[in-house]
Amino acid sequence: MDRITMPEALKHTSPHPVSLVCAQTPTGATNMAAVSWWTYLESDPAIIGFALWREAYTCELIENTGKAVLSIPGEALSDITLKCGNVSGRDVDKVKEFGIDLVDLADTPVKFPVHSRLAFTCTVENKVEVGECIFFICNVDEIFFNENERQLFAWGGSSVVAPLKDTIKSRRSIRSYDPSKPVTREQLDKLMEAAMYAPSACNSRPWEFIAVTKREILDEMARVHPFAGMCSTATAAIIVVAIPQEGRPEGYYPQDCGAATQNILLQADSMGLGTCWCGVYPRDERIAHIRELLNIQPPKIPFNIVAIGVPNEAPEARGFFEAGKVSYRD
Ligand SMILES: Cc1cc2nc3c(=O)[nH]c(=O)nc-3n(C[C@H](O)[C@H](O)[C@H](O)COP(=O)(O)O)c2cc1C
């Protein structure tokens with residue numbers, strides 16, 4: 001094992017839940033700070049804790065009032081949460097400046113954002129000085145929940161605030177990439193590893209992979225394949241090469257190579273990379289072009305091209321469940 005620092009450890013345990021700790025100012029306004037260092041401490045009675053930097057305005061307010069709301073922000077607050085973590089309420093009225101709509105309940109002294117997935121209204125029970133922070137231990141008075149709000153997490157330490165990706169539902173074919181951002185050898189290895197974890201008939205693993213980052217080859221693939229124009233901005237591609245099976249699993253290689261290809265797509269999406277699956281097999285002309293370009297000798301067959309790169313577009317998710325395509329035999 002390697003010896004690492006605390007900021008590195010934070011990155012490696014990424015993503016963390018992120019909260020907005022809200023407090024009331026002396027004028028009755030609301031201030032809030034982004035706080036990743038919060039935790040459940042006890043369920044009955046309900047107790048939570050959070051650590052706040054001693055110099056934070058929110059820390060001072062909670063010390064004075066003994067009241068706080070820990071909001072788990074929803075997706076609409078992703079940019080705002082990051083902003084609330086980078087400026088102080090001593091300098092800016094965050095609610096006004098960032099246009100944060102607040103829930104105003106008569107019986108809770110501290111207001112919190114409307115777009116909260118959860119909100120724990122709480123009363124400080126105890127506090128512990130921890131380095132430059134104060135760790136507040138709070139009795140939870142009430143908990144509010146709105147299931148329509150998607151939870152946010154802090155990624156890469158605390159530099160990005162975003163929801164967890166539901167890779168299967170959010171993945172889309174990407175046809176425009178940032179040509180200045182290369183795909184690394186480590187990333188390509190990870191994608192091909194994912195491919196090789198796919199199931200195959202009789203565990204025959206009828207595949208090989210060619211990882212291309214050479215610009216001329218990517219451009220040539222864009223030229224010879226009628227639907228692979230995006231390879232001209234992609235900074236890498238993986239060519240899935242099928243090796244037709246003999247014996248018992250004969251004929252299953254298209255399914256096996258398809259499963260391996262889908263694993264590449266999903267793994268890439270989870271790593272923030274975009275992909276586009278460009279079919280080569282079973283079109284004889286495309287097979288011939290790619291065979292020649294990459295010197296793939298029979299019986300091996302260039303099966304498809306997966307264009308890869310850092311996305312330059314973010315198309316909306318569009319898959320959906322179609323009940324009419326499903327039947328049951330109970
Ligand atoms: C994602 C994220 C998480 C943060 N987590 C914490 C935390 O757990 N504790 C803390 O004291 N500050 C944390 N910060 C920094 C505070 O939010 C920041 O100091 C804020 O500007 C304080 O605002 P205030 O002076 O209005 O209270 C975090 C910042 C970000 C962006």
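A nonpolar core here is a set of buried Ala, Val, Leu, Ile, Met, Phe, Trp, Tyr and Cys residues joined through C-beta atoms within 7 Å. Buried means that 20 or more other C-beta atoms lie within 10 Å of a residue's own; exposed means 12 or fewer, and partly exposed covers the range in between, with C-beta atoms placed from the backbone. The model is predicted: local features need pLDDT of at least 70, side-chain atom pairs count only at pLDDT 80 or more, and totals for chains, interfaces and linings use all residues. Residue numbers start from 1 along each chain as its sequence is written. Helices (H or I, at least four residues) and strands (E, at least two) are DSSP runs, numbered from the N terminus.

**View A. The largest nonpolar core and its most connected members.** This core has 40 residues. Cys231, Ala237, Ile238, Val240, Ile305, Ala307 and Ile308 touch the most other members. Two or more residues each come from α6, β13, α7 (215-224), β14, α8, β15 and β16. β14 gives the largest share, 7 residues. A second, separate core has 37 residues, including Ile48, Ala56, Val95 and Cys138. In soluble globular proteins, nonpolar side chains tend to be buried together.

View B. Contact means that the C-beta atoms of two residues, placed from the backbone, lie within 7 Å.

**View C. Helix α8 and its packing.** Tyr253, Asp256, Cys257, Ala260, Thr261, Ile264, Leu265, Gln267, Ala268 and Asp269 are its buried residues. They pack against α5 (167-170), α6 (185-196), β13 (207-212), β14 (236-242), β15 (274-279) and β16 (301-309). Gly272 follows α8 and has a positive phi, near 80 degrees.

View D. The ligand is surrounded by 24 residues, and the closest are Trp37, Thr58, Gly85, Ser88 and Gly89. β3 (30-35), β5 (47-53) and α2 (57-65) each give two or more residues to the shell. The largest share, 4 residues, comes from β3. By class, the shell has 15 nonpolar, 8 polar and 1 charged residues. Ala, Val, Leu, Ile, Met, Phe, Trp, Tyr, Cys and Pro count as nonpolar; Asp, Glu, Lys and Arg count as charged; the others, Gly among them, count as polar.

**View E. Two cis peptide bonds.** One joins Ser14 and Pro15, with omega about 0 degrees. Pro15 sits in the loop between α1 (6-12) and β1 (16-17). Another joins Pro298 and Pro299, with omega about 10 degrees. Pro299 lies in the loop between α9 (284-294) and β16.

View F. Asn203 is not a glycine, yet its phi is positive, near 55 degrees. Asn203 lies in the loop between α6 and β13. Asn203 is exposed, with 8 other C-beta atoms within 10 Å. Asn295 has a positive phi of about 55 degrees. The loop between α9 and β16 holds Asn295. Asn295 is exposed, with 7 other C-beta atoms within 10 Å.

Methods:
A residue is near a molecule or strand if its C-beta atom, placed from the backbone, lies within 6 Å of it.
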